[in-house]
Amino acid sequence: MKPAPFRYEKPRSVEQALALLAAEDEEPKVLAGGQSLVPLMNFRLARPSLLVDINGLAELSYIRREGSRLRIGALTRHAVLEESPLVERHWPLLTEAVRLVGHPQIRNAGTIGGSLAHADPTAELPVALAALDAGFVVRSRSGARELHWSEFFVGQLQTSLQPDELLVETVVPALPAGTGCRFDEFTRRHGDFALGGCAVTVSLDPDGACTRAAIALLGAAPTPIRAARAEAELVGRPVTAESAARSAARAVQDLDPTSDLHASGEYRRDLIESLVARSLLTARGRAREGVPA
Amino acid sequence: MTRIRITVTINGAVVERAVDPRMLLSDFIRHEARLTGTHVGCEHGVCGSCTVQVDGSPVRSCLLFAVQVDGREVRTVEALAAERDGALHPLQEAFHAEQGLQCGFCTPGFLMSVEPVLDRVEEMDDAQIRALISGNLCRCTGYEGIVCAVREAARKMASPSRSRPGGAS
């Protein structure tokens, strides 16, 4: 239960961090909040030769709106996102999702970038950000690139981040007026890893017809996924209990979630279907009321 | 591996040591600072027994390396009574009065998780209390006594400052 030895570096700038990550003769790992990495190291499931502690890089800790888009620095703590009035007002889906991440002590230490780079398929923020069509800015010594969430997550605990790249920012587009959101999941105990969940958005025109919908699923696949066909079926008419149920059934139609000692794949599929149907109606209600969350 | 010299303020006292980078903060507190009130349960961030406050925020000390708190302020369960010349903190009194502990192993973690919140809120309903302590496991009490203790402590600590805003509590 003690980590294997490693070399420790605490860079003073992003450039220094990138130089350390590019070192040829090392197996470096970025240390941000450490809430997923350190347990893996304590179990010796992860044995990096070099830890690059980015906690000194205050320039990566921010939440701001630029134009219509939200920009979240990679080192922003979950607790800061949870308490941001800007986020709660304009991107309430993120506020609802982050409250379900771990426990208060975890949210005080864990970072947004760390959660994304860890890419756990049952993590809340990757799924919420998939529903919001977010992108991620990654940097290396050769420059920066922005990846759409669907390019970033490639498998269970796997992202398209290269070993010499650092995730520096999350970029979230604005939601259209008349949009309601809902994040929901089921856990056996408060703060546990969820057995299934979803993030949905529903946009309505003034007559109550759905103009756009997003349905992102948690625990359904090795990465967050969107139920594109189920989303498309909702568009063009009001969201009703019947259409929400149909859309939810469509969303889980081709899913084959993992079976493990916590739940069977079949149970997970039924669970996600119920959560999607319920969440669509909640999001519709919020869209009508104009109440963000 | 090269040792790194760090300076950490623990409960107001400066502790300076050269440590292996892989030394966990929980081990630093117990073996270097010799403060054994912080208990180590699971060592992978699940049980909450090792919760301490770093710069005022409750965090799990088994998920931080000691090198990460260089130059920062750590507060452990020992601070609660030490800051009151040995008298128990109202939260500790409440755990005692409401039987919020049996074996006591998990108690320091609960106390350090709850204590900063008592300064911020006037009272908490049971759902808020349960969310607040959700990151701390107790294998004896069944939690009822703990929830009662937190509720009582919040009530007691709220009343004096309510009647005399800005006054000494």
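Predicted model: local features only at pLDDT ≥ 70, side-chain atom pairs only at ≥ 80, totals over all residues.

How much area is buried between the two domains of chain B? I got about 1100 Å², with carbon and sulfur atoms giving 49% of that. The rule also finds two salt bridges across this domain interface.

I looked up a salt bridge by name as well: Arg75(B) and Glu83(B) meet through their side chains, at 2.8 Å from N to O.

**Entry 1: chain A against chain B.** Next I checked the two chains. Chain A and chain B bury about 2200 Å² between them, and 61% of it is on carbon and sulfur atoms. On the chain A side, Phe6(A), Tyr8(A) and Gln105(A) lose the most area to chain B, together 26% of what that side buries. The contact takes in 29 residues from chain A and 26 from chain B.

Here, too, I noted two salt bridges across the interface of chain A and chain B. I also looked at Lys2(A), which forms a salt bridge with Asp27(B), with the closest N and O atoms 2.7 Å apart.

Entry 2: Is Leu45(A) buried or exposed? Exposed: its relative accessible area is 66%, and the cut-off for that word is over 50%. I found Leu45(A) in the loop between helix H2 (37-42) and strand E3 (50-53) of chain A. With Met1(A) and Phe43(A), Leu45(A) forms a nonpolar surface patch, about 320 Å² of accessible area together.

Notes
Residues numbered from 1 in each chain as written. Chains lettered and ligands numbered in written order. Heavy atoms only, no water. Patch = residues over 30% accessible without salt bridge, like charges linked within 9 Å, V, L, I, M, F, W, Y side chains within 5 Å. Areas by Shrake-Rupley, 256 points an atom, 1.4 Å probe, with all protein chains shown as cover. Salt bridge = Lys/Arg side-chain N within 4 Å of Asp/Glu carboxyl O. Helix = DSSP H or I, 4+ residues; strand = E, 2+ residues; numbered from the N terminus. Buried < 20%, exposed > 50% of the residue type's maximum accessible area, 1.4 Å probe, protein only. Buried area = accessible area lost by both parts, 1.4 Å probe. Contact = heavy atoms within 4.5 Å.
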